Amino acid sequence: MSTSIQWRVMLLLITAFLAAPACAEVDAVARPAALQEIPDAELGAMRGRYIVGDDRIAWFGVTMVSDWLTAGGQRLQGAMTIGFDLRGARPEVSFLPSVTITGVDTAAATGTGEVDGSGLANVGGLMQAVQVAGDGNTARNALSLRVREGVIPGRAGGEAAASAELRVDGAHARAALDDAGARVLLQVAGQGAVEQWIDARAIGQSIRLTGDGHMAGNRLQLDLVRQRAPASQTIHQNLVQAIGMTRVGGL
């Protein structure tokens, strides 16, 4: 993956991360009930009171898993993990996609209904959708956010492909990371589609089923790992902040 694509995808995912907490589960993070704007007069009187914390974002990761068990016993799964190691001067990006299709039943019935998901392309922000035209179906979208301190996950050896894709008898599974973002897609001819994505406009999860007796689910997890900065780096940050907050004429 080129360096420009790495930076663009990292910015997309971090932007999505910052937008997600309002609808996600947050572990061990206390958030204020509301934000209040500080008047200009009060800001103008502040001198050297800003203290930089000694924690830094060391790693940011995304995990997507989509799973679909059709009424005919066919199972599709698409997954990907993306990691951004932010400890160096430039982020190191790791990406691992995987897809599987098992239990193919070519005699399975085709869908009997119709759903239209074209309108989802106009939605921005965080979006979850389920559209079902059938009976006895189970569908679930889940998104979670975890903020923790600890060890950085290890990077898998070797260079992974930018995508993984498989087609078997009308079934299609794909997991890909490109300049447009990250996406996992499962499709079965005449049965619908299960997908999730992160792009410049949105984090999305969608399940569209047109038959009976399907079980489908999407799971997306955002992980943020913090680590304590070295003492020398913390002192340097505090010094730079102190210089920037002072004015000519003294405190």
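Buried residues account for 37% of the 251 residues in the protein chain of this predicted model. The chain carries three helices and 12 strands. Of the contacts linking residues at least 6 apart in sequence, 66% bring together residues at least 24 apart.

Glutamine 205 is a handy spot to look at the interior. This residue sits in strand E11, which spans residues 202-209, and with a relative accessible area of 1% it is buried. Its side chain gets to the backbone oxygen of alanine 142 at 3.0 Å. Leaving aside residues up to four places away in sequence, glutamine 205 touches a list of residues that includes Met127, Gln128, Ala129, Asn141, Leu143, Trp197, Arg219 and Leu220.

Then there are the charged pairs. The count comes to eight salt bridges. One of them ties aspartate 67 to arginine 75, with the closest N and O atoms 2.8 Å apart. Here aspartate 67 is buried at 16% relative accessible area, whereas arginine 75, at 40%, is partly exposed. Aspartate 85 and arginine 87 also pair up through their side chains, at 2.5 Å from N to O. Aspartate 85 is buried, its relative accessible area being 15%, while arginine 87 comes out partly exposed at 41%.

A further bridge runs between arginine 167 and glutamate 165, whose closest N and O atoms lie 3.4 Å apart. Arginine 167 is exposed, with a relative accessible area of 60%, and glutamate 165 is partly exposed at 42%. Shared partners link Glu165, Arg167 and Arg174 into one salt-bridge network.

Definitions and conventions: Residues are numbered from 1 along each chain as its sequence is written. This is a predicted model: local features need pLDDT of at least 70, side-chain atom pairs count only at pLDDT 80 or more; totals for chains, interfaces and linings use all residues. Side-chain values use heavy atoms; hydrogens and water are left out. Helices (H or I, at least four residues) and strands (E, at least two) are DSSP runs, numbered from the N terminus. Buried means under 20% relative accessible area, exposed over 50%, partly exposed in between (1.4 Å probe, protein chains only). A polar contact is a pair of N or O atoms within 3.5 Å; within protein, one must be able to donate a hydrogen and the other to accept it, and residues adjacent in sequence count only if both atoms are side-chain atoms. Contact means heavy atoms within 4.5 Å. A salt bridge is a side-chain nitrogen of Lys or Arg within 4 Å of a carboxyl oxygen of Asp or Glu.
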